[in-house]
Amino acid sequence: MSPRPRSLLRTAGALTGLGLGVLGWSLLEARRPVLRQVEIACLAPGQAPLRILHVSDLHLSSYSTWLVEWVRDLARLRPDVVVNTGDNLALADGLEPLREALEPLTAFPGAFVLGDHDYHTTVFKSPTRYLRADPRTADDPEQLAAQEVLPWEEIRDLQARAGWVELTNTRGHLVTGGRRLELVGVDDAHVDRDVFPPAAATGAGPSAPAEDGETVLSVSGRPLRLGLAHAPYLRVLEAMRQDGVDLLLAGHTHGGQLCLPRFGALVTNCDLDRSRASGVSAWPEHLQAGAPGEGVAGPESLLLHVSAGLGTSPFTPVRLACRPEATLLTLVAAPQ
């Protein structure tokens with residue numbers, strides 16, 4: 001064999017080995033969840049810290065019970081509030097693992113919204129669809145129509161019965177440690193289920209009475225308002241910003257799921273830019289002060305936290321440079 005074919009074979013072998021190595025690592029990384037801890041200075045001076053545990057995108061099935069104990073162990077953090085931003089199941093047989101995973105967390109006040117994978121089971125879709133500007137344009141209508149309906153009412157009820165506030169296109173509030181938080185949420189924008197609730201519908205607004213607790217104040221001096229959404233589409237961000245939401249919590253992106261070192265997420269699976277695929281950012285501005293993930297937003301900006309989530313589709317159980325995560329957000333008083 002001449003030197004050239006021999007060189008080509010060696011190159012092909014090396015590339016094959018590299019590809020297998022990357023695949024093996026990405027399969028392993030998808031089963032190595034991590035707890036992120038972030039401090040955000042968004043409360044008014046003198047306000048005590050508020051600790052929010054944010055979980056999202058568990059995508060549970062009977063094959064992912066390894067994740068259950070990890071999620072249960074988060075209760076040791078004893079957060080003030082737990083927020084779940086949806087996509088709890090991959091398949092219908094994930095309902096019991098979900099019940100088991102959330103059980104110790106429901107000892108704490110919480111709020112939640114649902115995602116599309118609480119309503120419909122996961123089906124195989126071509127990975128190349130995510131390279132489109134709008135991946136939904138690659139969906140097969142017949143395949144979508146044949147999706148199995150998931151027990152979304154049970155997913156909703158197991159959280160609501162525990163006292164967590166459901167925020168499906170509505171407003172609410174919760175009280176934690178005698179402190180009151182305003183809440184607003186929307187259903188999954190990725191499947192056009194989002195309808196932003198008007199303030200007049202419930203009487204909720206920036207000056208809503210705090211009869212059942214001392215109101216937590218934001219850096220602006222108004223009652224702190226948290227927004228919940230599964231998919232952080234720009235129309236949702238803008239509606240939340242105009243409504244005076246101080247911090248919006250979302251999931252859906254999986255942090256890009258497949259990322260490149262120094263480049264970050266390849267896609268977000270929505271119209272949010274790649275730089276905000278996970279973590280804390282200010283929209284439409286960037287954070288003004290402090291280290292990444294800290295500081296405060298500008299007066300006209302919305303603080304956004306996007307969770308990279310804990311699960312994956314059962315058809316693509318891989319993550320690369322994007323470990324599964326839950327996040328403990330500690331809201332603290334802004335410097336005077």
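1. Phe-263 is partly exposed, at a relative accessible area of 45%; this class lies between buried (under 20%) and exposed (over 50%), with a 1.4 Å probe and protein chains only. The residue sits in the loop between β11 (259-260) and β12 (264-265). Helices (H or I, at least four residues) and strands (E, at least two) are DSSP runs, numbered from the N terminus.

2. The model is predicted: local features need pLDDT of at least 70, side-chain atom pairs count only at pLDDT 80 or more, and totals for chains, interfaces and linings use all residues. Residues are numbered from 1 along each chain as its sequence is written, and side-chain values use heavy atoms, without hydrogens and water.

3. The largest nonpolar core holds 28 residues, of which Leu-53, Val-71, Leu-74, Leu-89, Leu-98 and Leu-105 touch the most other members. Such a core is a set of buried Ala, Val, Leu, Ile, Met, Phe, Trp, Tyr and Cys residues joined through side-chain atoms within 4.5 Å. At least two of its residues come from each of β2 (50-55), α2 (66-72), α3 (95-102), α6 (152-160) and β15 (325-333); α3 gives the most, with four.

4. Beyond its neighbours within four places in sequence, Leu-105 is in contact (heavy atoms within 4.5 Å) with Leu-53, Val-71, Leu-74, Ala-75, Val-82 and Trp-164. Apart from this core lies another, of 26 residues, including Val-165, Val-280, Ala-282 and Leu-331.

5. Ile-155, Leu-158 and Gln-159 are buried in α6. Because the buried residues fall within an arc of 95° down the axis of α6, they line one face of the helix; the arc is taken from the directions from the helix axis to the C-beta atoms. Their cover includes β3 (81-84), α3, β4 (110-112) and α4 (116-119).
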